[in-house]
Amino acid sequence: MKVDILLGLQWGDEGKGKVVDVLAPKYDIVARFQGGPNAGHTLEIGTVKYVLHTIPSGIFNKNILNVIGNGVVIDPISFMEEVRGIEALGIDICQHLIISTRAHLILPTHRLLDASSEAQKGHEKIGSTLKGIGPAYMDKTGRNGLRIGDILEPDFDKRYQFLLEKHKHILATTAAGFQYDVEKLAADEKKWMECINFIRTMKCMDTEYLLNDALKSGKKILAEGAQGSLLDIDFGSYPFVTSSSTTCAGACIGLGLAPAAIGNVVGVFKAYCTRVGSGPFPTEQLNEIGDKICTIGKEFGSTTGRRRRCGWLDIPTLKRAIILNGVTCLNMMKTDVLNSFDEIEVCTHYMIGDKKTDQVPYDLGTPSLKAVYQKFKGWGEITDISSYDKLPEELKEYIRFIEDAVGVPIKMISVGPERNQTLTR
Ligand code: GDP
Ligand code: IMO
Ligand code: MG
């Protein structure tokens with residue numbers, strides 16, 4: 001058996017949570033491989049809407065095992081809140097969730113370091129979700145981090161105190177101007193330890209063995225990406241990126257799987273583009289078009305509630321993400337959001353000065369870069385359409401154009417947030 005990977009091809013929030021939930025019944029295991037509570041994956045199941053941050057989106061399917069892989073960073077406080085929220089829906093989460101011993105921990109001080117780093121950057125700030133992601137991955141690569149496996153060791157408290165003091169020293173020296181609530185930190189430290197005690201009662205193991213054994217015995221695994229390819233630490237619009245490998249290769253590293261184990265790579269993209277946080281966005285519409293997409297698409301962050309920046313679909317960045325990930329099929333999301341537009345635009349290429357290109361330059365934010373658009377006729381109401389064949393010809397034309405431009409078939413078209421608002425070809 002091979003592992004299928006599902007990931008976002010834009011700046012995150014493409015609708016990955018919905019697609020994982022829809023595809024989950026075909027799989028035995030759903031595994032997250034990177035990111036942490038910066039992610040917000042929304043699932044709408046009947047009247048219930050749920051936003052998952054660290055827990056994989058297979059959790060609402062009874063027969064599925066969910067794995068939090070070694071590449072994920074876990075904040076015990078937000079993780080426990082999430083677990084309690086799911087348990088309140090009557091799901092026995094401990095039976096359906098396994099955590100890698102190699103996943104790193106986010107400390108309360110990581111969040112403060114994140115905030116102080118952003119404060120120091122001023123206008124240049126990344127627009128981080130302030131969940132402590134960057135500092136936690138810095139401690140991981142700097143070989144100072146604490147992992148889930150460490151919480152089971154007798155010297156854990158000592159090692160925790162050591163790292164905590166190190167962070168407090170940084171806050172008192174390098175980040176000296178940064179003010180924080182000392183009492184709140186003390187309360188968070190206490191709560192954090194209580195949550196660690198809770199995690200000690202959960203199933204934690206070397207999940208690389210579990211996953212490889214599962215493949216050998218014919219089980220089907222879906223790896224669920226967080227964020228999107230344009231936020232990748234290497235290939236995103238650096239430094240306005242997250243701190244993990246959001247592309248396909250990240251699934252091998254973040255789960256302990258060999259590249260040869262990878263099967264289908266499902267790329268998820270919106271019929272337009274959004275971005276939350278700072279950084280270049282060539283097709284951004286700072287006008288009534290962007291406002292209209294934002295309002296109809298309810299484009300507000302699932303994690304932070306911030307307004308998402310909105311713009312037209314960008315073929316050069318989509319093409320690049322498809323190449324970097326080896327995408328084998330595409331899912332187009334939020335198609336219904338464009339229903340009421342008479343005219344829809346797509347960026348086919350860029351002009352950089354007088355040079356035409358469909359490649360993404362080193363600096364996507366270079367001032368001489370201009371997006372060049374092709375116009376398409378709007379397709380009208382599609383929300384209640386339940387089969388691909390019944391879609392309006394204008395939308396089929398839009399789909400054909402994208403497929404021809406990027407060279408990969410669009411296999412799923414999403415026309416609403418619910419499970420059944422999904423057309424497959
Ligand atoms: P993720 O981070 O990629 O899982 O995406 P988010 O959950 O952050 O954002 C996607 C939002 O769009 C969520 O509120 C979904 O419920 C919603 N959504 C997903 N697919 C569709 C769709 O086809 N149409 C509409 N209107 N909303 C959708
Ligand atoms: P999902 O999985 C959209 C963005 C932040 C910021 C940058 C760095 O829901 O698609 P970080 O907190 O990682 O230091 O923030 O990345 N960002 C996301 N944007 N969706 C996400 O996740 C995101 N996770 C981080 O807004 O610009
Ligand atoms: Mg999201």
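Me: What makes the pairing of Gly15 with an oxygen atom of ligand 1 a polar contact?

Reply: In this predicted model, a polar backbone atom of Gly15 is 2.8 Å from an oxygen atom of ligand 1. The cut-off for N or O pairs is 3.5 Å, so the pair counts as a polar contact.

Me: Which residues are closest to ligand 1?

Reply: Lys16, Thr42, Ser302, Asp336 and Ser414 are the closest of the 20 residues that surround ligand 1.

Me: How do you know that His41 makes a polar contact with ligand 2?

Reply: A polar side-chain atom of His41 lies 2.7 Å from a ligand 2 oxygen. The limit is 3.5 Å, so the pair qualifies. Gln227 places a backbone N or O atom 2.8 Å from an oxygen atom of ligand 2. A polar backbone atom of Val276 is 2.9 Å from a ligand 2 oxygen. Of the 550 Å² that ligand 2 exposes when taken alone, the protein buries 97%.

Me: What classes of residue make up the shell around ligand 2?

Reply: Seven are nonpolar, ten polar and three charged. His41 is among the closest residues, as are Asp13, Lys16, Thr129 and Thr242.

Me: Why is H6 called roughly antiparallel to H7?

Reply: H6 (residues 156-172) and H7 (residues 182-199) pack at an angle of about 150°. Angles over 145 degrees count as roughly antiparallel, so H6 is roughly antiparallel to H7. Their axes are 13 Å apart. The crossing is right-handed.

How values were computed:
Residues are numbered from 1 along each chain as its sequence is written. Chains are lettered from A and ligands numbered from 1 in the order in which they are written. This is a predicted model: local features need pLDDT of at least 70, side-chain atom pairs count only at pLDDT 80 or more; totals for chains, interfaces and linings use all residues. Side-chain values use heavy atoms; hydrogens and water are left out. A residue is near a molecule or strand if one of its heavy atoms lies within 4 Å of it. A polar contact is a pair of N or O atoms within 3.5 Å; within protein, one must be able to donate a hydrogen and the other to accept it, and residues adjacent in sequence count only if both atoms are side-chain atoms. Accessible areas come from the Shrake-Rupley method with a 1.4 Å probe; for residues, only the protein chains shown count as cover. Ala, Val, Leu, Ile, Met, Phe, Trp, Tyr, Cys and Pro count as nonpolar, Asp, Glu, Lys and Arg as charged, and the others, Gly among them, as polar. Axes are lines fitted to C-alpha atoms, for helices over the stretch in contact, and angles run from 0 to 180 degrees between N-to-C directions. Helices (H or I, at least four residues) and strands (E, at least two) are DSSP runs, numbered from the N terminus. Angles under 35 degrees count as roughly parallel, over 145 as roughly antiparallel, 65 to 115 as roughly perpendicular and the rest as oblique. A crossing is left-handed if the near helix is turned anticlockwise from the far one by less than a right angle, and right-handed if clockwise.
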